[in-house]
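Here is a short tour for someone meeting this protein for the first time. Have a look at the picture, then read on.

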Amino acid sequence: MSYKEIIAKYADKPGGIIEAYHAIQREMSYLPIEAVGETAEVFKVPVSQAYGVATFYSMFSVKARGKNIIRLCESAPCHVAGAEEVLAALEKELGIKVGESTADGKFALELSECVGQCQATPVLTVNGKPYFEVSPAKLTGILAEYK
Ligand code: FES
């Protein structure tokens with residue numbers, strides 16, 4: 001589905017802009033600037049407001065990025081439980097740093113705040129799906145699901 005079709009689908013819904021942005025990201029993994037402009041037009045808001053929403057929330061990206069978004073929680077409980085070692089292993093396995101995407105366009109690596117799953121730290125999500133008690137040894141298996 002194109003971003004135009006997605007935006008049109010959410011045009012009459014309350015909270016439609018955020019819902020539309022989520023749906024576009026599920027489809028394209030980021031919010032192209034053209035989609036932000038289209039959103040402003042369809043929702044009849046200034047472009048600055050549509051852009052403001054797109055850049056305010058950390059889960060949205062207006063920069064092109066890898067198809068599968070890996071987000072590692074960096075809040076204190078996950079940090080104490082070894083998120084740093086997981087991050088180092090992820091960067092090595094993917095060959096990228098936080099904020100980058102793999103050359104094949106398959107993965108983007110980001111950090112997140114607590115995702116409310118502190119009972120099973122460290123936690124990472126891939127496209128919003130959580131993985132618990134993650135360790136460097138578990139990463140190959142997790143990533144293989146998305147290759
Ligand atoms: S601190 Fe990581 S899930 Fe809560």
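Which residue lies over the face of Y10? That is K13, at 5.3 Å from the ring centre. A charge sits over a ring if NZ of Lys or CZ of Arg is within 6 Å of the ring centre and within 35 degrees of the ring normal.

## What you are looking at

This is a predicted model, where local features need pLDDT of at least 70 and side-chain atom pairs count only at pLDDT 80 or more, while totals for chains, interfaces and linings use all residues. Residues are numbered from 1 along each chain as its sequence is written, and side-chain values use heavy atoms, with hydrogens and water left out.

The protein chain comes in two parts: domain 1 covers 3-56 and domain 2 covers 68-144. Those bounds come from an automatic or database domain assignment. Between the C-alpha centres of domain 1 and domain 2 there are 27 Å.

## The aromatic rings

There are three aromatic pairs in the structure. Rings of Phe, Tyr and Trp (its six-membered ring) pair if their centres lie within 6.5 Å; planes under 30 degrees apart count as stacked, over 60 as edge-to-face and the rest as tilted. Take Y21 and F60: their ring centres are 5.6 Å apart and the planes meet at 80°, so this pair is edge-to-face. Y21 belongs to helix 2 (residues 16-28) and F60 to the loop between helix 4 (47-56) and strand 1 (68-73), so the pair ties together parts 39 residues apart in sequence. Helices (H or I, at least four residues) and strands (E, at least two) are DSSP runs, numbered from the N terminus.

Y21 is buried, at 0% relative accessible area, and F60 is buried too, at 6%. Here buried means under 20% relative accessible area, exposed means over 50%, and partly exposed is in between (1.4 Å probe, protein chains only). F56 and Y57 make another edge-to-face pair, because their ring centres are 5.0 Å apart and their planes stand at 90°. F56 is exposed at 64% relative accessibility, whereas Y57 is partly exposed at 30%. Ring pairs link Y21, F56, Y57 and F60 into a cluster.

## Charged partners

How many salt bridges does a search of the whole structure find? It turns up four, a salt bridge being a side-chain nitrogen of Lys or Arg within 4 Å of a carboxyl oxygen of Asp or Glu. One of them joins E110 to R65, with the closest N and O atoms 2.5 Å apart. This pair links distant parts of the chain, with E110 in strand 2 (residues 107-112) and R65 in the loop between helix 4 and strand 1, 45 residues apart. E110 is buried at 15% relative accessible area, and R65 is buried at 13%.

E110 also meets R71 in a salt bridge (3.2 Å, N to O). R71 lies in strand 1 and E110 in strand 2, so this pair ties together parts 39 residues apart in sequence. R71 counts as buried at 16% relative accessibility. Elsewhere, E145 pairs with K129 in a salt bridge, the closest N and O atoms being 3.3 Å apart. E145 sits in the segment after helix 6 (136-144) and K129 in strand 4 (residues 129-131), 16 residues apart. E145 is partly exposed at 46%, and K129 is partly exposed at 41%. Salt bridges that share partners join R65, R71 and E110 into one network.
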